[in-house]
Structures are given as structure tokens and as C-alpha cells.
Amino acid sequence: MQEIEDGEYVRLNYGKIDKVKNTDYMQQYIECENGLYPRENIEKHSKNIIDLIEIGDYVNKHLIINIEIDENKKQKIITTNKYMNEYLHNGLEKIETIATREQMAIIEYKI
């Protein structure tokens, strides 16, 4: 894994997403906006939050059902139940909320 930098977004192995404030806080921990996390718990990191989205997550309350990479345009193609991909990439809709599939599994009520 490449070195994590201040200002990047991280996705932890249990689904939480946060923004890095200080990578030099402690050797084993990363300081983020909402807490300290062990480096070993970081699953992914990127300067672009869209890179942390996975199938099964909810973005702006829309379920992500498919993710592909367009090699020609060098961008992710994200398909939701509301076809919002073109809006995310053309800047017509900003990512305002992400609920990861792990977070949804914690709060779901099973019958």
C-alpha cells in the first residue's frame, strides 16, 4: 500500500470512511477528523473519495449496484439504482453522504 498522506480519505476494514488530518501523530496510528485509527485497519486510501466507494454502499441515499473502470476516460463508472453516475462525474451532483455496506449491516433489522 502506498504511503497515506494528510488530506486523503481512508476506508477502514470495518467500513468507516474518514478524512486524514495528521499521518505523523504516532507511528502506528493515523489521526483523522473523527478519531485515531490503527494503520493496520486502513483498507483503502485516496485523495478522491469516489475511489473508496464499493458495491453495496449508499451514496446520497442511492444503492451502488455496479462499479467499472473506463480505461479510455480513466474514471470509475458507478451505477446506482437511480443512474447517478453521469451526475457524479460531470460535477452535477456532489457526493454528500456515504453509508457503507458494513454500516448498513450493523443497523439493519432482521426478521
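Me: Hi! Which residue stands opposite Val-20 in strand 3?
Reply: Cys-32 does. This is a predicted model, where local features need pLDDT of at least 70, side-chain atom pairs count only at pLDDT 80 or more, and totals for chains, interfaces and linings use all residues. Residues are numbered from 1 along each chain as its sequence is written, and side-chain values use heavy atoms, with hydrogens and water left out.

Me: Thanks! How do strand 2 and strand 3 pair?
Reply: Strand 3 (residues 29–32) pairs with strand 2 in the antiparallel sense, over two bridges. Pairing requires that DSSP finds at least two bridges between the strands. Strands are DSSP runs of E with at least two residues, helices runs of H or I with at least four, and both are numbered from the N terminus.

Me: And how many residues lie between them in the hairpin?
Reply: Six residues.

Me: What about strand 1 and strand 2, how many bridges there?
Reply: Three, again antiparallel, with strand 1 at residues 9–12 and strand 2 at residues 17–22. They form a hairpin with four residues between them, and Gly-15 in the turn has a positive phi of about 100 degrees.

Me: New topic: is Glu-102 buried or exposed?
Reply: Glu-102 counts as buried because its relative accessibility is 19%. Buried means under 20% relative accessible area, exposed over 50%, and partly exposed in between (1.4 Å probe, protein chains only). Glu-102 sits in helix 2, residues 101–107.
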